[in-house]
Amino acid sequence: MSGSSFSQMLELASGAVLVCAILTLWRSDLHAITSILSLQGVSLGVVAGALAAHTHDGALAATAAVVLVVKGSVIPMLIRQVVRRVPGGRETSPLINVPASLVGASFLIVLAYLASSKITALSSAAATRLAPIGVATVLVGFLVLVTRRKTVSQIIGLLLIDNGVALVAFLLTAGVPLVVELGVSLDVLLVVAVLRVLATSMGTVSGAFDLDKMQELHD
Amino acid sequence: MLIYVILGLPLAAAVAAGILPWRRWVGWMTTLANSGVAFLGVLLCAKTVNHRALGALDGSLRADALSAFMVVVIGTVSLLAVSQTNRFLRAEIDRGNSNIRHSSLYVVLVQIFVACMLLAVLSANLGVMWVAIEATTIATTFLVGHRRTTGSLEASWKYVIICSVGIALALLGTVLVYFAALHIDGAHLTSQGATALNWTSLQANAHRLNTGVMRLAMALLLLGYGTKVGLVPMHSWLPDAHSEAPAPVSALMSGVLLAVAFYALLRFKAIADGALGVGYTRSLLVAVGLGSLFVATSLLLSQKDYKRMLAYSSMEHMGLIALGAAAGSSLAIAAVLLHILGHGIIKAVLFLSAGEIYLVEGTSIITEVPALLTRRPVLGGIFGFALVALIGFPPFSLFISELNMVRAEIAVGLTWVAAVSLVLISVIFVAMMTHGRSLLLGEPASMGDPRSSSRTFAVPLITALVASAFFGIVAWPLAPLLGAAARVVAR
């Protein structure tokens with residue numbers, strides 16, 4: 001891959017990760033959000049793949065394949081099964097409405113660039129310059145997590161944070177060592193599986209797909 | 001070899017418990033495995049106390065005095081908790097809340113949980129340590145939700161979401177440390193590869209790491225692993241999870257899981273101190289430590305539920321430990337480690353006896369369980385002595401460790417911090433005494449059934465109390481070990 005097409009590819013795929021995160025704020029249809037999440041996983045895999053092709057790194061190519069399978073298809077599939085059980089399949093009552101959360105997201109992106117200035121100062125590589133995009137994805141994930149009240153939306157917020165961290169890891173360090181990356185992917189997969197079981201049993205025990213209905217524990 | 005056996009014992013127990021249907025002897029077998037871990041941990045301490053480190057698996061696993069000490073803490077507390085598992089599971093089955101299959105799953109998950117904690121303290125690689133600590137969250141989720149009530153499901157949901165977010169931030173921090181390690185002195189190093197995340201090489205090269213990146217990384221790590229420790233601002237999962245989980249699980253979570261997450265912070269603190277000097281991490285630790293103490297104090301004052309009281313007390317002690325680590329001298333870290341051991345044992349005893357109280361009284365409201373000491377002398381006596389130990393009475397070891405932490409804080413110039421923490425400790429002291437009095441003393445309304453506590457309950461717990469008092473009076477078996485362990489991370 002030549003230098004300029006490599007960095008274009010990297011910019012496009014990293015940008016797609018952030019755009020997907022913002023789209024999840026915009027849409028309220030949970031089926032659509034799940035598809036967006038799948039697209040984000042694929043973009044993340046493309047970032048890893050581009051880096052692997054550029055550096056001829058076999059371990060990184062393997063990581064890219066794992067990311068593509070786990071984040072691009074397996075995890076969205078697990079989430080789709082939970083979405084099917086949510087009546088109406090929509091996020092009906094976000095704490096902040098859509099226009100306000102989009103404005104919030106733009107503030108968070110500025111914040112991400114400010115916070116990452118120390119990181120981007122350390123290296124002039126094309127990938128390092130893009131690191132703030134990953135940080136911004138993490139922050140948008142936070143926004144989703146604290147403003148959405150359906151159990152599925154919270155899982156999605158968590159995954160956005162996770163994908164953001166993974167993007168930062170790929171861009172800054174071309175991925176953590178393979179054994180760590182495999183462990184991280186396995187952990188994420190298991191967390192989603194655990195959350196899926198919990199969300200399902202919460203639905204059957206108390207009919208609560210809405211976290212506002214779960215207020216039993218407090219001081 | 002020793003390291004492999006320590007990691008292998010709980011895993012083997014998990015496999016065996018997964019294959020065999022749950023019976024009493026399966027429970028005893030896992031107890032045996034955990035006592036093996038405790039015993040081999042002591043052996044590991046003996047081998048590492050003179051500053052040697054043991055490696056295994058091409059250097060991926062590593063045990064120094066600090067790791068060995070943590071293995072002993074994990075082994076001891078898990079032995080204590082697992083010794084009560086049979087009684088707990090039998091009671092749940094008798095009441096129709098559980099069945100053989102659920103019980104098997106419970107035993108398997110507890111052993112996997114213990115194995116993950118052991119891997120976290122024995123790993124040489126900070127990335128693998130992260131994976132192991134995240135895996136503890138996964139293993140404990142279903143343990144917290146074991147009773148499948150609305151409350152326990154809500155608690156496990158909060159637990160997984162908050163801890164996973166926290167641990168994701170810790171991963172971001174770890175990635176930044178790795179990034180800094182790959183760009184030592186501004187040059188891009190690719191040759192280091194997998195060993196760049198080993199904390200031995202990070203600690204050796206700490207002074208050459210980029211300070212700007214390390215500041216950001218340490219803040220994220222403190223926020224992230226701090227979530228798992230139960231420090232502010234992401235502590236809200238802790239009281240729910242600890243009060244809803246079955247008693248042996250609460251004992252394990254409060255006694256060791258919080259401490260294992262703090263161990264991760266100690267390792268990163270040593271690296272950050274090398275890169276940034278002690279001041280930066282110290283001010284962060286003081287902020288979260290005092291914050292946690294304030295929150296714990298305010299919620300302990302009017303607490304009505306004795307299980308939540310114990311949970312907030314865990315937050316208090318983690319706050320104290322954070323303040324001790326902020327001081328950072330050898331004396332301070334040795335006191336922190338002694339406090340981790342003492343708190344682990346005493347809190348396990350308290351949660352286990354609280355579980356027993358809940359079992360026989362059927363309520364966790366303090367005022368609905370009066371005069372426990374007259375009605376059930378053994379159970380009330382154990383709970384009372386442990387409560388007295390927890391709030392820092394001599395001769396128990398928590399007194400010595402709190403005293404030494406305060407001394408160390410004053411010695412490094414954190415006098416105001418020591419003063420504030422002493423005031424808050426006194427408030428908590430009064431609050432816990434008041435709650436303890438209304439639980440233990442008073443006029444019994446009726447004598448209830450005069451069922452005496454069984455020996456399998458009383459003997460391990462009384463032994464643990466005696467051991468804690470012993471370490472409070474006589475320091476010799478621990479002092480050299482604590483010194484060696486503290487020197488690994490102290491400055």
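Reader: How many residues of chain B are said to be in contact with chain A, and what makes them count?

Author: In this predicted model, 39 residues of chain B are in contact with 36 residues of chain A. They count because each has its C-beta atom, placed from the backbone, within 7 Å of that of a residue in the other chain.

Reader: Which elements supply the side of chain B that touches chain A?

Author: At least two residues each come from α6 (126–144), α7 (150–182) and α9 (211–229) of chain B. The most come from α7(B), which gives 18 residues.

Reader: What makes residues on that side of chain B nonpolar, polar or charged?

Author: The residue type decides, with Asp, Glu, Lys and Arg counted as charged. By this division the side of chain B that touches chain A has 22 nonpolar, 13 polar and four charged residues.

Reader: Into which domains is chain B divided?

Author: Chain B has domain 1 (1–124), domain 2 (126–276) and domain 3 (285–491). The bounds come from an automatic or database domain assignment.

Reader: How many residues does the contact take from domain 1 and from domain 2 of chain B?

Author: The C-alpha centres of domain 1 and domain 2 of chain B are 21 Å apart. The contact takes 25 residues from domain 1 of chain B and 26 residues from domain 2 of chain B.

Reader: Which elements give two or more residues to the domain 1 side of that contact in chain B?

Author: They are α3 (65–82), α4 (85–94) and α5 (100–122) of chain B. The most come from α5(B), with 10 residues. By class, this side of domain 1 of chain B has 19 nonpolar, six polar and no charged residues.

Terms used: Residues numbered from 1 in each chain as written. Chains lettered and ligands numbered in written order. Predicted model: local features only at pLDDT ≥ 70, side-chain atom pairs only at ≥ 80, totals over all residues. Contact = placed C-beta atoms within 7 Å. Helix = DSSP H or I, 4+ residues; strand = E, 2+ residues; numbered from the N terminus.
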